[in-house]
Amino acid sequence: MLKNYFKIAWRNLLRHKGYSAINVAGLAIGISACLLLFIVVKYELSYDKFQDNYARIYRVSTQDKYADGIEYNPGVPVKMLEAMRTQFPEIKTAGIDASYGSQLTVLGDGKSTDGNNKKFIEKSGVFFMDQHFFEIFHYKFLSGNESVLQAPNNVVLSKEVAEKYFGDWQNAIGKLVKLDNAITLKVAGIIENTPANSDLPLSVLISYETVRQNHDLYNFHEDWNNTSSNFQVYALLPQNASLSSFSNLLKQFCEKQYKNDRHEKRLHFLQPLSEMHFDTRMENFGDHITSRSTITTLVLIGLLIIIMACINFINLSTAQAVSRSKEVGVRKVLGGNRFQLFWQMMGETALIVLLSVLLAMAISKLALPYIKHISSVTEDLSVFTLGNIIFLAGIAVVITFFSGFYPALILSGFKPVSALKNRITSATIGGISLRRGLVILQFAISQVLIIGTIIAISQMNYVRNADLGFNKDAIYVLSGNSDSVSLSRQVAFKEDLLRQPGVQDITFMSDVPSSDNNWGTNFAFDHKKDADFILFLKFGDENYLKTFGLKLVAGRNYNYENSDTIKEALANETLIKKLGIQNPANAIGKDIRLGGSNWIKLVGVVKDFKTNSLRESIKPIVIAGRRKSYERTAIKMHSSNLLATHNAIEASWNKFYPEYAVRGSFLDEDIAKFYKEEEQLSLLYKIFAGLAIFISCLGLYGLVSFMAVQRVKEVGIRKVLGASIASIVYLFSKEFTVLIGIAFVIATPAAWYMMNNWLNNFVYKININIGVFVLAVLISIIIALITVGYKAVKAAVANPVKSLRSE
């Protein structure tokens with residue numbers, strides 16, 4: 001019986017090649033898109049799940065309440081680790097301190113210098129920890145064990161890093177590397193490579209005691225006053241422990257610890273490891289964060305695309321039902337019952353879906369290498385995994401049922417007498433209203449994606465071209481060190497650079513105007529008590545304003561003395577406004593105290609500039625000179641011949657800092673990285689809006705083709721009676737134009753709600769105006785008219801004699 005069903009199904013597919021091709025192509029594209037999105041979502045949801053204690057691991061994070069809002073920090077004061085172990089001995093805890101931009105120089109066995117001066121900067125960072133970390137997290141040691149991290153100056157490398165440094169990881173044990181040209185470390189262990197889907201990308205692990213003995217080099221403060229996102233504490237709760245109970249105990253500890261302190265509104269809380277990868281409030285040690293809303297968007301887009309493909313199938317199948325009425329009548333007369341006919345039609349659907357799945361797998365295989373352009377997937381993924389096969393099987397069953405059920409029900413329900421007497425029409429089967437409804441739904445989905453694409457592109461164009469309040473173009477930023485030796489060479493380095501014809505200005509600084517590196521502190525103004533909000537610090541020499549094109553609105557630049565003592569400072573407009581001062585000139589000459597330092601003079605007010613990404617408000621900023629913080633060099637270049645100037649800068653760096661690898665990037669490229677997730681989402685909208693339009697056009701073309709065949713005699717009679725080609729094209733297209741209009745009414749509020757929520761992630765954003773919606777509906781109508789028009793014109797120019805010959 002099943003063999004017969006599939007044999008008949010195959011014959012019907014061959015008999016109606018055009019409609020079969022449209023159905024298979026539409027479903028294959030929809031399934032392929034859905035599969036690729038499933039692979040991305042599955043990958044993002046898999047972060048750190050390889051950890052045995054995944055469900056019981058938490059990060060101890062920090063929440064500070066201020067008058068102007070709440071600040072979140074993934075880090076805690078260094079003292080918190082000791083306090084956790086003392087106050088909560090039943091809970092396993094471990095600290096990890098990250099150092100980004102640290103350089104490792106390979107010394108080998110320490111005797112030979114030939115080929116042993118290779119310098120490396122590990123992008124994933126260098127981590128200081130002790131053996132307790134491995135009581136919480138499980139990493140496989142290929143050589144040595146976690147106990148080697150008890151002693152100072154020991155380092156554990158990942159297999160990949162060991163092979164990069166020494167060729168063969170088995171030869172790495174006992175070899176020497178130098179950290180930041182200051183600390184000699186011995187390789188004491190090798191661990192297996194960390195999977196790419198981890199927010200703890202451990203590759204260089206240095207004993208915790210090392211950073212303690214060299215705390216000045218890494219700003220490692222063992223107190224309660226300093227909180228850095230680089231120092232994080234993780235906790236492993238016992239089996240069956242109550243999270244709420246421990247959270248209450250932690251809250252009570254914070255209330256006691258910070259009572260009558262400037263941090264009295266501070267709260268430490270437990271953040272599950274399972275939420276770290278999705279929490280946009282705080283960064284992690286991984287290369288990206290994917291918000292839950294992005295995951296939801298990916299799932300929703302996949303669902304909408306597959307719904308559109310199913311709509312195509314249902315529309316064409318019900319439209320074709322009329323032409324198959326005699327076949328159904330004959331089968332019923334010969335003894336076939338409705339149950340048998342129903343499952344025969346379902347068998348045809350299953351065969352089409354099976355062919356679509358096979359084609360979708362081939363498309364996905366070809367498209368998968370390009371998936372990194374619309375996602376943050378970095379490793380090579382495979383289509384042919386057990387999880388993906390199960391997903392495809394499940395989606396095939398669901399599509400077969402939902403796409404095939406209604407057409408099979410309609411066809412199997414034909415009465416044999418009506419079917420054999422040609423009394424079955426589109427009107428009598430009751431499918432017209434359904435098809436219209438499905439076409440409306442299909443175009444509503446398309447228009448939602450089109451509107452989303454237009455808004456996303458407009459917002460990203462706004463972000464790229466927004467006035468940041470400073471100059472970001474042709475500025476090359478070098479990262480170095482602020483040790484005494486490096487600082488002593490800065491003057492000579494600067495003089496050498498200024499001799500290059502392509503170099504315009506140079507400034508030594510702690511940070512560029514806009515970055516994610518936020519250095520916050522408490523402060524007091526005008527000899528009053530500490531303010532109820534924090535400000536953020538940036539340090540630079542006398543050329544800082546000039547190099548970045550920052551403008552003064554009041555006062556003057558600070559006098560630069562090339563020392564570590566701050567005597568004068570600048571504030572931005574936001575800080576002045578938050579202090580309640582309306583006229584910036586009134587702030588000039590006032591005193592300000594940063595943290596626990598001495599009082600210093602405000603001598604100028606800088607025009608506001610964007611301190612972070614456009615998702616955030618401008619932060620209150622103080623800019624001052626402090627030489628020991630100058631870890632970076634910003635070089636303003638002439639826009640002509642950038643490559644030659646860039647090469648000259650690197651040559652100069654190698655001349656003055658031969659022991660340090662060049663670490664540089666262009667400022668505009670660094671700022672563009674703020675919006676990596678949004679750029680990917682914008683590209684995703686473009687791709688899937690295109691797919692939605694293509695699937696809609698396939699279905700529309702199929703329906704119009706079928707209408708042309710069904711109404712061929714009507715068209716012939718109209719032409720004989722004098723109808724023009726334009727009137728016949730109008731006959732075919734008017735209904736679809738009305739349906740698109742109805743779809744627009746449905747799509748507009750849905751798209752506005754979705755994209756308005758997305759835009760709310762930005763403080764600085766475009767306004768959604770009516771032009772966006774008008775453009776979307778015009779695009780839909782034009783595409784539909786082109787699709788319908790081609791087939792309608794073809795029907796209109798056909799010779800009416802041929803269509804009427806049999807009458």
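Q: Where does leucine 778 lie?
A: In this predicted model, leucine 778 sits in helix 24, residues 770–796.

Q: Why is leucine 778 called partly exposed?
A: Its relative accessibility is 42%. Buried means under 20% and exposed means over 50%, with partly exposed in between. The value of 42% falls between those limits, so leucine 778 counts as partly exposed.

Q: What makes the nonpolar surface patch that includes Leu778?
A: Ile770, Val774, Leu778, Ile782 and Ile786 make it, with an area of about 490 Å². A patch residue needs over 30% relative accessible area. Leucine 778 has 42%, so it passes that cut-off.

Q: Why is valine 729 called buried?
A: Valine 729 belongs to helix 23, residues 725–759. Its relative accessible area is 18%. The limit for buried is under 20%, so valine 729 is buried.

Q: Which residues does valine 729 touch, not counting those up to four places away in sequence?
A: They are Ala792 and Val793. Contact here means heavy atoms within 4.5 Å. As for alanine 795, it is 66 residues apart from valine 729 along the chain, and their C-alpha atoms are separated by 8.6 Å.

Q: How do you know that serine 203 is buried?
A: Serine 203 has a relative accessible area of 8%. Buried means under 20%, so the label holds. The residue is found in the loop between strand 10 (183–191) and strand 11 (204–207).

Q: What is serine 203 in contact with, leaving aside neighbours within four places in sequence?
A: Its partners are Glu122, Ser124, Gly125, Val156, Leu157, Ser158 and Val161.

Q: What makes strand 25 a partner of strand 14?
A: The two are linked over 3 bridges. At least two are needed, so strand 25, residues 664–666, qualifies. The sense is antiparallel. Here valine 477 stands opposite serine 665.

Key:
Residues numbered from 1 in each chain as written. Predicted model: local features only at pLDDT ≥ 70, side-chain atom pairs only at ≥ 80, totals over all residues. Heavy atoms only, no water. Patch = residues over 30% accessible without salt bridge, like charges linked within 9 Å, V, L, I, M, F, W, Y side chains within 5 Å. Areas by Shrake-Rupley, 256 points an atom, 1.4 Å probe, with all protein chains shown as cover. Salt bridge = Lys/Arg side-chain N within 4 Å of Asp/Glu carboxyl O. Helix = DSSP H or I, 4+ residues; strand = E, 2+ residues; numbered from the N terminus. Buried < 20%, exposed > 50% of the residue type's maximum accessible area, 1.4 Å probe, protein only.
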